[in-house]
Structures are given as C-alpha cells and as structure tokens.
Amino acid sequence: MENKKIIIIGGGPAGLAAAIEANNAGIAPDDILILERDRELGGILNQCIHAGFGLHMFGEELTGPEYAGRFIDIVKERSIGYLCDAMVLSVTADREVTFVSPTEGFCRVKAGAIVLAMGCRERTRGALNIAGTRPAGIYSAGTAQRYVNIDGYLPGKRVVILGSGDIGLIMARRMTLEGAKVLRVCELMPYSGGLPRNIAQCLDDFDIPLYLSHTVTGIHGKERLEGVTVAKVGDDRRPIPGTEADIECDTLLLSVGLLPENELSREAGIVLDSITGGAQVDETMQTSIPGIFACGNVLHVHDLVDFVTKEAYRAGASAAAYVTGDAAPVGDVLTTEGKNGVRYVMPQKLNAQGNLTTETTLFFRVDNIYRDRAVVLSVDGREIFRRKKRFLEPGQMESFALTEDAIAAIRGGKTVTVALD
Amino acid sequence: MSMIKKTCIVCPIGCHLEAEVDGDGKILSISGNTCRRGEAYMRDELTDPRRTLTSTVKVDGAKYDRYLPVKTDGGISKGRLFEAMEVLAKITVTAPVRRGDVIVENFLGEGVSLVAGKTVDSE
C-alpha cells in the first residue's frame with residue numbers, strides 16, 4: 001500500500017490552505033496529497049463569481065474564483081500533490097484512505113495524518129417537508145448557482161426564492177441579471193440572515209421584494225413547477241391560516257441552510273457535535289481520533305472564507321506537527337460549552353498541557369438577536385473576563401482570543417463556559 | 001429638504017447611511033458612516049451610482065466545458081448593468097485564459113476593464 005505523510009480530503013479553500021501550511025511546516029510537496037471530488041480545485045468558490053471574498057486575508061475584495069486561484073497557484077507552483085475527480089469512499093481510524101479515480105482506479109493509501117476538508121451541503125426540499133407535487137424546477141440555490149455560473153444554463157424564468165441568507169440574495173441578483181424575473185424572496189424568520197449590504201445590492205437595486213415571516217406551504221405543477229403557495233407565519237413560525245397566496249412561477253430556489261458533510265467522519269468513528277454537525281476538535285483542530293484533523297465548513301459552517309483559510313492553516317500546521325512528532329503531548333482535556341444564548345463553542349476541547357497562547361481563539365454563535373449584552377468566559381464557574389457586545393446575531397460568527405489569565409485558569413480547569421450576560 | 005437613507009455596500013458591516021438633501025438635490029450632510037469610503041459611497045449613490053459587475057462569458061477550447069467568470073475592475077453606471085449583460089452575452093474568448101487577463105478595455109466606455117476571474121487551461 002502506498003504511503004503519504006498527509007492526505008487532505010477536499011480541494012476547496014480549506015484543503016488548499018491546509019496543504020500549503022503543511023508544506024510551510026516542512027512536509028515535502030510530494031508527501032502531501034489533496035483528493036478533490038470535482039474536476040478542478042477550488043471547491044464552492046468556483047461558482048461564487050460575485051465579489052466579497054478576501055477582505056481579511058488580502059485587504060481587498062476578490063471574487064470566489066480569484067480567491068481560490070491565489071491558493072491554487074501556490075499549490076501548483078510548489079508541486080504539492082493533488083488529484084481531481086477523486087472520490088474518497090472511506091477513511092479508517094488507523095488513517096487508511098480508500099478512493100476511486102478515473103486515472104488511478106481503486107486506491108488505498110496509508111496516511112501519517114489526515115485533514116478533513118470536505119465542506120458542506122445544502123439542506124434540501126426533503127428536509128423541509130413542503131407539501132405538494134414533485135415537478136422539475138425546484139433547486140437548491142447552490143445547484144442553480146452552478147448551472148448559471150459554471151455551466152451557463154438559466155434554470156428558469158419566473159423565480160421564487162425561499163430563504164434570505166446570502167446565497168439566496170446573491171442568486172436573486174444573479175438570476176435577475178441573466179434575464180429571469182425574481183418575484184419575491186420569502187424568509188421564515190422575522191429578519192434576514194444575509195448581510196445588510198446584500199439586501200441593498202441584490203434586492204433593493206432590482207426592486208425585488210423581501211417577505212419576512214413568510215414561507216412556502218405548497219408546490220404545484222405536474223411535469224414542471226407551475227406555482228407555489230406562500231403564507232405568513234406567526235411567532236411560532238407556523239403558517240397562519242387565511243394568509244395563503246398562490247404565485248405563478250416556474251422555478252423555486254431553496255436557500256435554507258448548510259450542513260457539514262460528515263459521512264466519512266462518521267464512518268471513521270469520529271465523535272461529532274450534534275449542534276455544529278461537524279467533528280468535535282481541540283485547539284489544534286484534532287478530532288477525537290489522533291492524527292485526523294478537520295477544518296472549514298465540514299467542521300462548522302462559516303460566514304467568511306477568510307476564517308476558513310485561517311482555521312485550515314491551523315489544521316495543516318497541526319497535521320504536520322503530528323507527523324513530525326512535534327505535537328504537544330495530550331494532557332488533561334477540558335470541555336468547552338455555550339450557555340445562556342450561546343449555541344456552540346468551537347473548539348469543543350482544550351488540551352490543558354497544549355500550546356495555548358493569546359492567539360488561541362474560541363469561536364461561537366448565539367441563538368437569537370441580542371443587543372447590548374456581555375459575553376462572559378468562565379472556567380469551572382469562575383468568571384475570567386467579559387466583553388461587551390452592542391449587537392449579536394445568529395448569522396454572525398463571534399470569536400475571542402484567550403487571555404493570559406484565561407490560559408492560567410484553563411491549565412488547572414475542567415470546563416470552559418462562554419455565556420451571555 | 002429631505003432625508004435619504006441607504007445601506008452602505010462598501011464592506012460587510014453595512015452601515016446605515018443618511019443624507020440631507022435640499023430642494024435642488026444639493027447634499028447638505030452625510031451621516032451614519034464609520035469610514036471615509038462610506039461617505040464617498042453615499043455621495044456617488046446620490047449623484048452617479050456605480051456597481052461592480054460580476055458575470056460570465058463563453059470560453060472556447062477549454063480543458064473542461066465551462067463558462068469563464070469575469071468582473072469589471074471598477075464600478076460601472078448602475079443604470080447600465082442590463083446593457084452590460086447584453087454585451088457579455090455576445091463575447092466568446094478562447095482558452096487558455098489567465099486570471100487577471102483584460103478581456104475588454106474601457107468596457108462600455110465606462111473607464112474600467114472587463115477582466116478574467118479564473119485561469120482556464122486549454123484542451
């Protein structure tokens with residue numbers, strides 16, 4: 001069986017950055033192998049042709065392909081190993097990776113360390129249980145985005161979009177520019193999860209109405225979608241009888257959430273977090289199985305690719321340290337938890353004997369919109385520090401770096417809590 | 001005198017901008033911005049609104065059958081976005097293309113270039 005020091009599963013922004021950082025840490029380019037399912041590197045960024053990426057990493061706004069291109073160039077310049085059209089079938093706890101590829105056939109490779117960077121998938125109609133028929137014309141927003149931006153097909157002419165996250169908003173503009181009529185964007189929640197500027201430049205610029213507290217309750221049409229029923233929802237997010245309206249359309253785009261894609265992780269026996277849908281990791285991005293690391297949207301869904309890149313650099317460096325034997329010994333493991341409005345905290349584990357520094361960062365999300373609150377970090381119930389926040393919302397990932405005091409407390413502690421006050 | 005409200009699109013913060021404008025359309029004050037770019041954006045919005053256009057064009061001879069992502073390297077007049085899309089629909093480039101290659105100089109006479117967003121190798 002062939003051996004590789006580091007195998008990276010997924011050639012999107014997370015996998016590319018992990019590979020580059022592993023190489024920076026001294027792993028030879030041909031000891032690294034990126035396995036990518038698609039025909040080219042770059043992941044979802046290839047179809048995100050709008051601008052808005054890279055403000056943190058590069059201080060300028062790039063399109064998705066431009067952002068990915070900068071990392072792809074480095075991987076190619078350094079001859080870091082990669083294989084496209086390669087579908088990973090399984091990963092085992094002793095780090096054996098099985099994959100198939102049209103050029104290599106059926107392969108089994110033993111890895112010194114593995115970085116999971118498979119990204120996420122979109123939630124589908126099936127997950128929403130919308131009643132009605134099953135005609136053509138219903139797409140997840142990302143599928144439609146691929147058809148339009150990579151394949152050059154316009155999936156429909158009269159469009160209703162369910163979900164006002166950034167992907168839904170971006171697709172409203174994109175379909176409009178390509179000649180479709182976007183009739184409305186419906187949002188179940190009383191607020192949009194998308195950036196305010198995307199409401200302005202994707203909806204307001206084109207007079208596309210946004211219906212907050214509205215959802216799709218029915219789908220009509222036999223072969224092709226002929227219309228949808230939309231209804232207002234109450235505080236309980238259930239449709240209010242009598243508010244239904246039928247809208248004639250041939251296309252429904254669903255932009256209703258992203259789910260980390262962890263089938264491989266689950267089969268390998270990696271412990272997953274029920275809230276993030278990704279692996280539980282420590283501050284080095286190591287999962288519950290030593291030598292297997294995770295980063296990017298397969299770990300938890302990010303708002304900005306810049307943060308994916310930073311996280312992946314950490315995973316790549318940690319994988320390199322694991323292979324070369326430079327990783328910190330695993331000592332007492334602390335658990336992190338979110339309380340009182342904090343939905344989750346990542347990393348979920350901290351190694352008390354690990355290399356914790358004032359650059360070690362905890363990431364978290366809140367479960368609702370909050371104003372003028374304090375975020376409090378405590379160790380075993382003792383408050384270590386608090387940060388005032390004017391505005392907190394579920395769509396915005398929050399973070400803070402550990403302080404010297406926090407690190408000292410963590411070294412002798414058991415549980416780290418992040419809570420709102 | 002009237003108050004005009006806009007959401008700033010310069011960066012992800014999305015400041016709520018407000019401008020006081022008199023009866024002749026003269027800008028009396030701009031507020032709500034947290035940086036200078038926000039003020040400049042509001043001034044442009046009231047006089048000459050511009051948008052960066054990102055879209056695709058056809059590419060012949062590519063290694064993989066795909067469209068080429070393109071963008072204007074600056075804003076074009078907001079009112080000309082659909083006119084620009086019609087021009088893009090008629091453009092076909094030939095692979096190989098490098099990221100950053102200029103496809104059309106002085107696009108629509110707007111003083112910006114249309115550039116390739118991705119390197120596409122030939123067959």
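In the predicted model described here, the buried residues of helix α5 (residues 141-151) of chain A are A:Ala141, A:Gly142, A:Ala144, A:Gln145, A:Val148, A:Asn149 and A:Ile150, a residue being counted as buried if 20 or more other C-beta atoms, placed from the backbone, lie within 10 Å of its own, as exposed if 12 or fewer do, and as partly exposed in between. Helices (H or I, at least four residues) and strands (E, at least two) are DSSP runs, numbered from the N terminus. The cover over the buried residues of α5(A) is drawn from both chains, and includes β9 (120-122), β11 (138-140), α6 (166-177) and β18 (251-254) of chain A together with β5 and β6 of chain B. After α5(A) comes A:Gly152, with a positive phi near 75 degrees.

Residues are numbered from 1 along each chain as its sequence is written, and chains are lettered from A and ligands numbered from 1 in the order in which they are written. Since the model is predicted, local features need pLDDT of at least 70 and side-chain atom pairs count only at pLDDT 80 or more, whereas totals for chains, interfaces and linings use all residues.

Between the two chains, 23 residues of chain B are in contact with 21 residues of chain A, where contact requires that the C-beta atoms of two residues, placed from the backbone, lie within 7 Å. On the side of chain B that touches chain A, β5 (54-60), β6 (68-72) and α2 (81-89) of chain B each supply at least two residues, and β5(B) gives the most, with three residues. The residues of this side of chain B divide into nine nonpolar, eight polar and six charged, with Ala, Val, Leu, Ile, Met, Phe, Trp, Tyr, Cys and Pro counted as nonpolar, Asp, Glu, Lys and Arg as charged, and the others, Gly among them, as polar.

Chain A has 10 helices and 28 strands. Its radius of gyration, taken over C-alpha atoms, is 22 Å, close to the 22 Å that the globule rule (2.2 Å times the number of residues to the power 0.38) gives for 421 residues, so chain A is as compact as a globular protein of that length. Buried residues make up 49% of the 421 residues in chain A.

The domain assignment of chain A, which comes from an automatic or database source, gives domain 1 (1-122 + 258-327), domain 2 (124-256) and domain 3 (331-421). The centres of domain 1 and domain 3 of chain A, taken over C-alpha atoms, are separated by 26 Å, and 12 residues of domain 1 are in contact with 14 residues of domain 3.

An open sheet of four strands in chain A has the order β10-β15-β16-β17, with mixed pairing, two strands being paired if DSSP finds at least two bridges between them. Strand β16 (residues 227-232) of chain A runs antiparallel to β17(A) and is joined to β17(A) by four bridges; the bridge partner of A:Thr229 in β17(A) is A:Asp246.
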